[in-house]
Every structure is written in structure tokens, then in C-alpha cells.
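Subject: A structure to look through

Hello,

Here is the structure I promised to pass on to you. Please open it next to this email, and then read on for what I found.

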Amino acid sequence: MAQPRLTATEDAAWRGFLRTHELIWAELERRLDPLGVSMAEYSALALLAEAGSGGMSMSQLAEQRLMSSSGFSRLADRLERRGLIERRRSERDGRSFDAILTGAGRALLKTAWHQHHADLRETFFDALSDEDLERLAEIWERLRPAVREHDDGSAGTASS
């Protein structure tokens, strides 16, 4: 059975979300470029910083970044070659690997955090009131269970 067409409001909301995401992501990426870090790399480094000195398993990082294991392995390879992370055999199970932020990774991330937070304010937060942000946070939270409920396992294959 064919699905009915989107209403004009649904179409505007969906296209607006996609276009705004693309524009903001591209602008944040452009602004991080002088630091030599992409948004995907920044995101992985930030997750590792939040995980603390013990790091995080490679599979958890891939899941948090919504990436396939192979896609995340390529990202981790780049970060490791640059000396920003190191991989160690997991102390928990001895089979998997954990990624740990290095001193160089922490130093880059500290600079990138300041830049990124300022850029987020300029490109996103400053355009919205506190009430807008509260409402938006509520909307994102409301959408999460709907996505999880319908997740067939393929959500982990996105690459951004």
C-alpha cells in the first residue's frame, strides 16, 4: 500500500531539518578545518575525553558515533597515525580493543573545544531563545524512543 504524500507542513519541517543540519555541519566542519580536525574526528575525541583515562571500547565508540565498525576503524586508524589516540587490548575481555586519548589528542581537543563551542553559539544557539532551545531539546528527546523502537540495527551504519 502506498503511503500518502507528506503534508506541506511535514515536508517543510523535514526539508528544513535536513537543510539546516547540512548547513550547520558544513560550517562547523569548515571552522574546525584550520585545526586539522574534522567533525567526525572531533566527535570521537570528545567522546574519549568524556570516557576518562580508561578510554572506551572501539565498538562503543562506533555505536556512539552511529558508524559501522569498519567505518569507525578507518577513522580510528587516522587518529592513531596522527598520535591523537592509542588502541590497547581491553582489560575487560582481552579480545576487543579500547581507544585512549593521548596527550596530543587532549591538547588538540582542548583547542578544538573552545573553537567548537564558540562556533556552536554563533551558528546555532545565538539564533534561538532559551525557550526555543528548551522546546527543541524536548522534541529531540520525544523523537528518540520512536527511532529506537523502529531500529532494525541499521542505525549504526550512518557515517556522519
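Ser-57 has Asp-98 of strand 3 as its bridge partner. Please keep in mind as you look that this is a predicted model.

That pairing belongs to the link between strand 1 (residues 56-57) and strand 3, which run antiparallel and are joined by 2 bridges. In general, the strands of a sheet pair through backbone hydrogen bonds, in either a parallel or an antiparallel way.

How many residues of strand 3 are buried? For strand 3 (residues 97-101), the count is 4 of 5, so you will find this strand mostly covered.

Met-56 sits in strand 1. With a relative accessible area of 13%, Met-56 falls under the 20% cut-off and is therefore buried. Setting aside residues up to four places away in sequence, Met-56 touches Leu-47, Leu-48, Ala-51, Leu-61, Gln-64, Phe-97, Asp-98 and Ala-99. Its C-alpha atom is 6.9 Å from that of Ile-100, although 44 residues separate Met-56 and Ile-100 along the chain.

Ser-90 is in the loop between strand 2 and strand 3. Is Ser-90 buried or exposed? It counts as buried, because its relative accessibility is 4%, where under 20% is what the term asks for. Its contacts, not counting residues up to four places away in sequence, are with Ser-96, Phe-97 and Asp-98.

Thr-102 belongs to the loop that runs between strand 3 and helix 5 (103-123). This residue is buried too, because its relative accessible area is 14%. Leaving aside neighbours within four places in sequence, Thr-102 is in contact with Gly-83, Leu-84, Ile-85 and Glu-86. One of these, Ile-85, is 17 residues away along the chain, and its C-alpha atom is 5.1 Å from that of Thr-102.

Now for the helices. Two packed helices are described by the angle between their axes and the distance between the axes.

Take helix 1 (residues 8-32) and helix 2 to begin with: they pack at an angle of about 80 degrees, with their axes 9 Å apart. The two helices are therefore roughly perpendicular to each other, as the range for that word is 65 to 115 degrees. Helix 1 brings Trp-25, Leu-28, Glu-29 and Leu-32 to the contact, and helix 2 brings Met-39, Ala-40 and Tyr-42. By class, the residues of this contact divide into 6 nonpolar, no polar and 1 charged.

Helix 2 (residues 39-51) also meets helix 4 (residues 69-81): their axes come within 11 Å and cross at roughly 85 degrees. That angle is why helix 2 is described as roughly perpendicular to helix 4. On the helix 2 side, the contact is made by Ala-40, Glu-41, Ala-44 and Leu-45, and on the helix 4 side by Phe-72, Leu-75, Arg-78 and Leu-79. This contact of helix 2 with helix 4 has 6 nonpolar, no polar and 2 charged residues. Ala-40 is named in the contact with helix 1 and again in the contact with helix 4.

Which residues do ring pairs link into a cluster? They are Trp-14, Phe-17 and Trp-140. The structure holds 3 aromatic pairs.

Finally, here is the chain as a whole. Of the 160 residues in the chain, 28% are buried. Among contacts between residues at least 6 apart in sequence, 55% join residues at least 24 apart.

Enjoy looking around, and write back with any questions.

Best wishes

Definitions and conventions
Residues are numbered from 1 along each chain as its sequence is written. This is a predicted model: local features need pLDDT of at least 70, side-chain atom pairs count only at pLDDT 80 or more; totals for chains, interfaces and linings use all residues. Side-chain values use heavy atoms; hydrogens and water are left out. Axes are lines fitted to C-alpha atoms, for helices over the stretch in contact, and angles run from 0 to 180 degrees between N-to-C directions. Angles under 35 degrees count as roughly parallel, over 145 as roughly antiparallel, 65 to 115 as roughly perpendicular and the rest as oblique. Contact means heavy atoms within 4.5 Å. Ala, Val, Leu, Ile, Met, Phe, Trp, Tyr, Cys and Pro count as nonpolar, Asp, Glu, Lys and Arg as charged, and the others, Gly among them, as polar. Rings of Phe, Tyr and Trp (its six-membered ring) pair if their centres lie within 6.5 Å; planes under 30 degrees apart count as stacked, over 60 as edge-to-face and the rest as tilted. Buried means under 20% relative accessible area, exposed over 50%, partly exposed in between (1.4 Å probe, protein chains only). Two strands pair if DSSP finds at least two bridges between them.
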